[in-house]
There are 2 protein chains.
Amino acid sequence: MIASDSKTAQAHACHHGRPAEGCQDCKARLFSVCAALTTEELEELEALSRQMTIGPRQALFAQDDEAMAVYNVTDGAIRLSRLLPDGRRHVMGFALVGDFLGLALPDRFTVTAEALVPTSLCRFERTGFKALVAGKPHLLQRLHERAGYELSLAQDQMMLLGRRTAEEKVARFLVGLRERYARIGRDSVTLELPMGRQDIADHLGLTIETVSRMLTRFDRERTILIVPGGVRVRDEARLESLAAG
Amino acid sequence: MIASDSKTAQAHACHHGRPAEGCQDCKARLFSVCAALTTEELEELEALSRQMTIGPRQALFAQDDEAMAVYNVTDGAIRLSRLLPDGRRHVMGFALVGDFLGLALPDRFTVTAEALVPTSLCRFERTGFKALVAGKPHLLQRLHERAGYELSLAQDQMMLLGRRTAEEKVARFLVGLRERYARIGRDSVTLELPMGRQDIADHLGLTIETVSRMLTRFDRERTILIVPGGVRVRDEARLESLAAG
DNA sequence: CGGTAGATTGAAGATCCTCAATCCGTGTGG
DNA sequence: CCACACGGATTGAGGATCTTCAATCTACCG
């Protein structure tokens, strides 16, 4: 399923040196953990960072890889997935602008991260980042808070996977994406879906056919409109009631 | 489903003052975040702690409650659950000796915590604990690491919920419990099940009937033996192969 | 001994999955 | 420019798994 060119991306796509515009103008500035930093601290962080870009289907890192760096997504979309020994896959989530990868500063990554579209990231070499954090308790505090939020999101997802019907799952997925897009200032009416149906299925614990059927059902009932590359929300209230709580 | 006496437990069960034996002899000492502390730090922490005990079906705190304290389980078992607006429940997990509740130091709890059996805890008033942590970066670091581990466990659980069959779910639940019991030095052959079948079902995204059927199947196939209050593992290898990866 | 809560068992049914065919959009080559 | 191939998405039919509903069993406790 994973394309042959999806080896872990090396720094070849990386512009060594500061990004042209720096953190101040970063698209992710306001949504990421960076938002908690003072201008001064931001400069320290910036000194550590390297901009990089990877193409669709390229892997940023793989499950069980030694974590050499942590990342902040500044543009694009990343799929976070896990593989079961027997080949079954589960998509843990999708990282968008402002999302931090390797938040928990683990020794090894617990998921595989692959770009769905051309994606820009801010890369922090792990040891340097850890050193910086060690000297800035309130940055660590911020990371920890964020981890707590992630944990709560993970709980939402468990609830979704364990106790919801296919219809609710797909509706909730769309509502959730709509909310995220709204927060990062993207069009939240015509939702771009950078991931494929199989990715959505693997995220929701469904099959591709069921996802497809639910989407066509929503489309037929005029709740959404399926458009190339995404969906347009036609009846937000109805979609939210389908998502049920 | 929740008993009427399951209001949030107040400090009435709490022995105000230091525990008789102190942290040094604490049953959870070696398994909890406390393991990372020096004797000196442990004393500081101890000064902040209050021992308390709650009975079965008593709630320690409820979802969306303001988090006034964090807890370390020193004995017993706690059920962590979430309720959907329509009444569906999901059990996020079970806390045993050494497990920390409120790890992420959230403002409000994201789950409801209820004792399954008489349970002892070490209670830390939240503001005091936060202040202590703020002055001890490596304790915060330790908490953060632990949060990362929790996140990884949550991912395991998502995989379980989304991509596994009923048989695998129940088998994996037993294997996981066995491993946890082994780590905290409890009998890992005859597994005590302090939670009811409904709790297990709500944890695995199944119905009580399916859980019951799987257990009886394992029993008939001589993989386990159902005993009052728990199960005895008869064929560990087989159970692990049923849990599949 | 009867009452209750939890657990088990059975039968019937719904949801979702599997398998297979078809469709659609895009890119390629004749 | 059209034919074709390809990958992804959709649709349909049939089937498996798990749920639902209901009855029964068991253990515990007054």
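Begin by selecting DNA strand D in this predicted model, together with the 17 residues around it. Of the contributors, α6(A) gives the most, with 6 residues. If the surface near DNA strand D is then coloured by residue class, 6 residues are nonpolar, 7 polar and 4 charged.

Now turn to the two protein chains, A and B. Where they meet, 34 residues of chain B are in contact with 34 residues of chain A. On the side of chain B that touches chain A, select β6 (89–95) and α3 (137–163), the elements that give two or more residues. Helix α3(B) provides the largest share of that side, 18 residues. The classes on this side of chain B are 18 nonpolar, 11 polar and 5 charged residues.

Finally, select the open sheet of chain A, in which 3 antiparallel strands lie in the order β10-β12-β11. At its edges are β10 (190–192) and β11 (224–227), each pairing on one side only. From one strand to the next, the twist averages 25°. To inspect one pairing, display β10(A) and β12(A) (residues 230–233), which are antiparallel and joined by 3 bridges. Within this pair, Thr190(A) has Arg232(A) as its bridge partner.

Notes:
Residues numbered from 1 in each chain as written. Chains lettered and ligands numbered in written order. Predicted model: local features only at pLDDT ≥ 70, side-chain atom pairs only at ≥ 80, totals over all residues. Near = placed C-beta within 6 Å. Helix = DSSP H or I, 4+ residues; strand = E, 2+ residues; numbered from the N terminus. Nonpolar A, V, L, I, M, F, W, Y, C, P; charged D, E, K, R; others polar. Contact = placed C-beta atoms within 7 Å. Pairing = 2+ DSSP bridges. Axes fitted to C-alpha atoms, helices over the stretch in contact; angles between N-to-C directions.
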